[in-house]
Amino acid sequence: NGEGNFIKQTSYAENWTHQWLERMYTSVSFSVSNDVYEGSINLREDDLTQINMMLNYQLKRWLTVTSSYLFDDRDSNVANIDYDRSVFSISFKVTL
């Protein structure tokens, strides 16, 4: 984005996956990070949080359905670039 010389990032993440049934598993992940824009004029620093939850179910040997939810949050000390977003998705994977 052209701000600063480089971004110094410190991040932590956790992930948990569980196989509930032979054809079904869930996954939950959580991460937090801090981005410091070294050399930026306005001393920009962002705090990011992300939560992702996913359910996979294999309907047939060749068909898997995935449903997921993603929450993403950025808090910055620079005006007008904070955001929160939630994304819901359903996908189908078909193999031969």
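1. Tryptophan 20 has a relative accessibility of 46% and therefore counts as partly exposed; the class lies between buried (under 20% relative accessible area) and exposed (over 50%), computed with a 1.4 Å probe on protein chains only. Tryptophan 16, at 45%, is also partly exposed.

2. This is a predicted model, in which local features need pLDDT of at least 70 and side-chain atom pairs count only at pLDDT 80 or more, while totals for chains, interfaces and linings use all residues. Residues are numbered from 1 along each chain as its sequence is written, and side-chain values use heavy atoms, with hydrogens and water left out.

3. On confidence, the protein chain has a mean pLDDT of 93, with 98% of its residues at 70 or more; pLDDT is the predictor's confidence in each residue, from 0 to 100. Among the elements of the chain, the lowest mean pLDDT, 95, belongs to strand β1 (residues 6-21), and the highest, 97, to β5. Strands are DSSP runs of E with at least two residues, and helices are runs of H or I with at least four, numbered from the N terminus.

4. The structure holds 2 aromatic pairs. In one, the ring centres of tryptophan 16 and tryptophan 20 are 6.3 Å apart and the planes stand at 80 degrees, so the pair is edge-to-face. Rings of Phe, Tyr and Trp (its six-membered ring) pair if their centres lie within 6.5 Å; planes under 30 degrees apart are stacked, over 60 edge-to-face, and the rest tilted.

5. Tyrosine 69 and phenylalanine 88 form a tilted pair, with 4.7 Å between centres and 40 degrees between planes. Because tyrosine 69 lies in strand β4 and phenylalanine 88 in strand β5 (residues 83-94), this pair ties together parts 19 residues apart in sequence. Tyrosine 69 is partly exposed at 21%, whereas phenylalanine 88 is exposed at 67%.

6. Arginine 74 lies in strand β4 (residues 63-76) and counts as buried, at 19% relative accessibility. Leaving out residues up to four places away in sequence, arginine 74 touches Arg44, Asp46, Asp47, Leu48, Ile81, Asp82 and Tyr83; contact means heavy atoms within 4.5 Å. The side chain of arginine 74 reaches the backbone oxygen of isoleucine 81 at 3.0 Å.

7. Arginine 44, one of the residues touched by arginine 74, has its charged end over the ring of tyrosine 37, 4.1 Å from the ring centre. The criterion is NZ of Lys or CZ of Arg within 6 Å of the ring centre and within 35 degrees of the ring normal.

Notes:
A polar contact is a pair of N or O atoms within 3.5 Å; within protein, one must be able to donate a hydrogen and the other to accept it, and residues adjacent in sequence count only if both atoms are side-chain atoms.
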